[in-house]
Amino acid sequence: MSELLSRDDFRTALENAIKGKSANKSPFSLAWAGGTLSREQLARWAENHFHYVGPFADYLGYVYARMPAQHVEAKDFLLANMYEEEIGGDRHTDLLIRFAEACGTSRERVTDENNMSPTTRALQAWCYAVAMREDPVVAVAGLVVGLESQVPSIYRKQTPTLREKYGFTDEEVEFFDLHIVSDEIHGERGYQIVLELANTPELQARCLKICEVGAQMRLLYTTALYNDYVAVQAEVEEAIAA
Amino acid sequence: MPQVVFHKNGQTFTDEVKANTNLVVRAGIKQFPFPHLKYQCGMGKCATCACEVLAGGDQLPPPNWKEKKQLGDRIDGGWRLACQLWLDHDIELRQDDPACT
């Protein structure tokens, strides 16, 4: 890419970079939306998801520290995002644990990092690496635009299913409801920062690439959840039946 | 596109928004009704975004469990939590600061 894209063209390019690898298309997301997962499988999801989203404020903390002081709005956004994740209302991970408990697992199991899959560990490590090593604008593109902004569209599909097909109560699925509003704000603010601060063709190209990689990482993570917890169980059941 | 009329401390602000819009999300990204709409948690826990619906309330879905919990009897007076509403139609709302009520 040799020329600077206009804001509108850059936004479209960012959206397209994410769209191709959206986690909405992963087999785990499709099984979830189809209502075919067991509570046990949803519990495994929660035990993994905690270790991906739990440190989100930590990831952003590294980006905040490395964001140049003159980018006041961007720094304020990162700080507000961290605050909202942790202490703005209920701590978001506490709501995830409430859902996990409704699925039959425990706070102790969820917070125990030994219960995450190697792929979840890879996604968490990738998030830390991006936060610590990338240009802070590129890191916002990867973590906020590439990952966080996908969440509302995923949860909009998954939340009604949790109530209607899996029989969870409103309070048990509050984690998902909440993210439809808060991540929509965070994702959109992330777009505004990236559109404003990625002001060279090189930075724009790096933002586009990291959005694509971030979406790939999330797809890899959810696909691995399917392979580790759904496909494996199906194979065991088939073997028993045979 | 839905038209939103927003009354705040005796002033009136009007703008159009896209269909399926949440006003707290809009305020969060610094678009109308920013900076007039007060909100905080964005998750139906604090009721900072509570608004009195003056017109268009009949087209909203019934209050959800969070609104019932936070607003109690105020629901009967036409109050709703803006963070819980996704708008597809015209609406008129009022949110005054306590000193101005």
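I began with chain B, where strand S1 (residues 3-8) and strand S5 (residues 91-94) run parallel and are joined by four bridges. I took strands as DSSP runs of E, at least two residues, and helices as runs of H or I, at least four residues, numbered from the N terminus. Within this pair, B:Phe6 stands opposite B:Leu93 of S5(B).

I noted that this is a predicted model, in which local features need pLDDT of at least 70 and side-chain atom pairs count only at pLDDT 80 or more, while totals for chains, interfaces and linings use all residues. Residues are numbered from 1 along each chain as its sequence is written, and chains are lettered from A and ligands numbered from 1 in the order written.

I then traced the sheet of chain B: five strands in the order S2-S1-S5-S3-S4, open, with mixed pairing (strands pair if DSSP finds at least two bridges between them). Strands S2 (11-16) and S4 (79-81) of chain B are at the edges with a single partner strand each, so one side of each has no neighbour in the sheet.

I turned to chain A, where the axes of helix H1 (residues 7-19) and helix H11 (residues 174-197) come within 10 Å and cross at roughly 130°. Axes are lines fitted to C-alpha atoms, for helices over the stretch in contact, with angles from 0 to 180 degrees between N-to-C directions. I recorded the contacting residues as A:Arg7, A:Phe10, A:Arg11 and A:Leu14 of H1(A), and A:Tyr191, A:Val194 and A:Leu195 of H11(A) (contact: C-beta atoms, placed from the backbone, within 7 Å).

Last, I looked up the contact between the chains, which takes twelve residues from chain A and 13 residues from chain B.

How values were computed
Two residues are in contact if their C-beta atoms, placed from the backbone, lie within 7 Å.
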